[in-house]
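Let's take a walk through this model together, with an eye on its charged side chains. Have a look at the structure first.

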Amino acid sequence: MSITSEVKKEIVAKYGTSADDTGSPEVQIAIWTYRINALIEHFNVHTKDLHSRLGLMKMVSRRRHLLDHLKKTSEERYQNIIKKLDLRK
């Protein structure tokens, strides 16, 4: 599932430090979360789509690596992004 430029701009505006901040871990984690949630909605309809499920697992892994990096560098920023995106249940 691709992400439109309008949605990406909204995510950058909400989670980034500036309008052009696409490289910060918070923005990247938010973009991965949006894509993961879109794929989860796709699986509600297409339960046997195993190829996309592999892509979902790769996305979750990439997001996990970014979260680990953020936790290692700044615990406060990590806790803020977890709360904002409601990742931990």
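Arg64 counts as partly exposed, at 31% relative accessibility (buried is under 20% relative accessible area, exposed over 50%, partly exposed in between, with a 1.4 Å probe and protein chains only). Its side chain meets that of Asp68 in a salt bridge, 2.9 Å from N to O; the term asks for a side-chain nitrogen of Lys or Arg within 4 Å of a carboxyl oxygen of Asp or Glu. Because Asp68 and Arg64 are 4 residues apart in helix α3, about one helical turn separates them. Asp68 is partly exposed too, with a relative accessible area of 38%.

This is a predicted model, in which local features need pLDDT of at least 70 and side-chain atom pairs count only at pLDDT 80 or more, while totals for chains, interfaces and linings use all residues. Residues are numbered from 1 along each chain as its sequence is written, and side-chain values use heavy atoms, leaving out hydrogens and water.

The whole structure holds 2 salt bridges. Glu26 and Arg77 form one of them, at 2.6 Å from N to O. That pair links distant parts of the chain, with Glu26 in helix α2 and Arg77 in helix α4, 51 residues apart (helices are DSSP runs of H or I, at least four residues, numbered from the N terminus).

Now turn to Arg63, which sits in helix α3, residues 50-73. Arg63 is buried yet has no salt bridge; Asp68, the nearest side chain of opposite charge, is 10 Å away. Leaving aside neighbours within four places in sequence, Arg63 is in contact with residues including Trp32 and Leu87 (contact means heavy atoms within 4.5 Å).

Terms used. Helices (H or I, at least four residues) and strands (E, at least two) are DSSP runs, numbered from the N terminus. Lys and Arg count as positive and Asp and Glu as negative; His and the chain ends are not counted.
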